[in-house]
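Here's a quick tour for someone who likes to see the numbers next to the picture. Have a look at the sequence and the structure, then read on.

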Amino acid sequence: MAIQNIIKPENLVYTKSKILTDIPMHYCPGCSHGVVNKLMAEVIEEMGIQEDVIGVAPVGCAVFIYKFLDIDFQQAAHGRAPAVATAIKRLMPNKYVFTYQGDGDLAAIGTAETIHACNRGENILIIYINNGIYGMTGGQMAPTTIDGMKTATCPYGRNNEVNGYPLNITNLLAILEGTCYVTRQSVHNAGSVRKTKQAILKGFKNSMLGKGTSVIEVVSTCNSGWKMTPEQANNWMVENMFPVYPMGDLKDL
Amino acid sequence: MAKIKGAIVVNTERCKACNLCVVACPKDVIALSKEVNDKGYNFAYMQNEDACVGCAACAYVCPDACITVYKVKVEE
């Protein structure tokens with residue numbers, strides 16, 4: 001069958017969401033941020049909530065997320081996205097409010113805001129991209145860097161005795177009374193992408209049910225910061241990151 | 001028996017040649033082209049058109065949402 005006969009609107013299976021703008025994403029080739037941005041656009045389009053969703057952008061690689069998703073956004077100071085989202089949600093309880101943060105934002109400078117927003121049980125969705133490194137500033141060690149992982153500021157690998165232990169903040173958030181849904185996902189293959197999409201869908205729905213905070217950690221790659229190809233980075237993540245940050249739901253009320 | 005035929009269309013200007021679609025494709029349909037786009041990336045293209053089944057695995061993993069997938073059932 002000729003390819004022209006297959007490429008017809010009625011045979012369409014998958015295409016770019018309309019919520020995702022045509023501006024080329026500035027992320028490095030193969031970055032997990034792109035996949036998660038795309039999934040959020042798809043979920044927002046499927047739920048039909050483009051007019052009713054407000055995002056809070058972080059500081060980090062995803063700082064320009066407001067250029068890529070055609071929805072309302074507020075940019076927060078470094079790490080303060082959950083505090084800003086708290087205010088937005090309390091003033092406009094009929095809006096879907098989410099934060100999109102990296103590990104340097106959520107688990108380092110924003111630890112206090114994150115833990116207290118979750119402890120208060122704010123009805124927001126927190127999407128947390130954990131690649132174990134400060135990607136935007138040149139690949140320095142983050143609190144989430146795993147034992148033995150080489151970064152710009154620990155070129156011989158992280159030493160737990162000197163540098164402390166990797167901060168597994170998602171496990172901490174799961175034991176708080178205020179959270180209702182805490183899950184850890186990844187986006188390294190088609191199956192995991194679909195699971196993450198379902199998790200984001202659930203997180204958005206939870207934010208309207210008044211059950212508490214939903215936290216979705218996406219264990220991600222930073223192939224530029226890790227000095228690998230995107231494919232090697234995915235394999236390295238499966239081998240080394242997954243034992244420290246295991247996949248699955250930690251809490252689902 | 002009905003057979004499934006698929007096809008993809010790559011937004012070549014948006015593609016950054018990360019190679020993730022090539023790895024994700026179970027039928028080895030996709031390859032990176034020798035040509036480059038305006039940004040200098042060797043964009044992805046359908047090398048082995050007949051093998052595509054339209055599973056959309058490439059489109060799911062594409063970080064830049066470059067791939068559009070079509071699928072049709074062919075009666076033999």
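## Ground rules

This is a predicted model, so to speak of a local feature takes pLDDT of at least 70, and side-chain atom pairs count only at pLDDT 80 or more, while totals for chains, interfaces and linings use all residues. Residues are numbered from 1 along each chain as its sequence is written, chains are lettered from A and ligands numbered from 1 in the order in which they are written, and side-chain values use heavy atoms, with hydrogens and water left out.

Helices (H or I, at least four residues) and strands (E, at least two) are DSSP runs, numbered from the N terminus. Axes are lines fitted to C-alpha atoms, for helices over the stretch in contact, and angles run from 0 to 180 degrees between N-to-C directions.

## H2 and H9 in chain A

Helix H2 (residues 32–47) of chain A packs against helix H9 (residues 190–206) of chain A at about 50°, the axes being 10 Å apart. That makes H2(A) oblique to H9(A) (under 35 degrees is roughly parallel, over 145 roughly antiparallel, 65 to 115 roughly perpendicular, and the rest oblique). The crossing of H2(A) and H9(A) is right-handed, meaning that the near helix is turned clockwise from the far one by less than a right angle.

Which residues meet here? On the H2(A) side they include A:Val35, A:Leu39 and A:Val43, and on the H9(A) side A:Val193, A:Ile200 and A:Phe204 are among them, with contact meaning heavy atoms within 4.5 Å. Sorted by class, the contact of H2(A) with H9(A) has 11 nonpolar, one polar and four charged residues (Ala, Val, Leu, Ile, Met, Phe, Trp, Tyr, Cys and Pro are nonpolar, Asp, Glu, Lys and Arg charged, and the others, Gly among them, polar).

## H4 and H6 in chain A

Helix H4 (residues 81–91) of chain A and helix H6 (residues 111–120) of chain A cross at roughly 35°, and their axes come within 8 Å. From H4(A), A:Pro82, A:Ala83, A:Thr86 and A:Arg90 meet A:Glu113, A:Thr114, A:Ala117 and A:Arg120 in H6(A). By class, that contact of H4(A) with H6(A) has three nonpolar, two polar and three charged residues.

A:Ala83 counts as partly exposed at 34% relative accessibility (buried is under 20% relative accessible area, exposed over 50%, partly exposed in between, with a 1.4 Å probe and protein chains only).

## Chain B

Chain B has two helices and four strands, in the order β-α-β-β-α-β along the sequence. Its radius of gyration is 13 Å, close to the 11 Å that the globule rule gives for 76 residues, so chain B is as compact as a globular protein of that length (the radius is taken over C-alpha atoms, and the rule is 2.2 Å times the number of residues to the power 0.38). The C-alpha trace of chain B spans about 45 × 20 × 20 Å along its principal axes.

Buried residues make up 50% of the 76 in chain B.

## Single residues

A:Asn131 sits in the loop between strand E5 (125–130) and strand E6 (133–134) of chain A. Buried or exposed? At 8% relative accessibility, A:Asn131 is buried.

Most residues other than glycine have a negative phi. A:Lys227, though, has a positive phi near 60°, and B:Asp28 has one of about 55°. A:Lys227 is exposed at 67%, and B:Asp28 is exposed at 56%.
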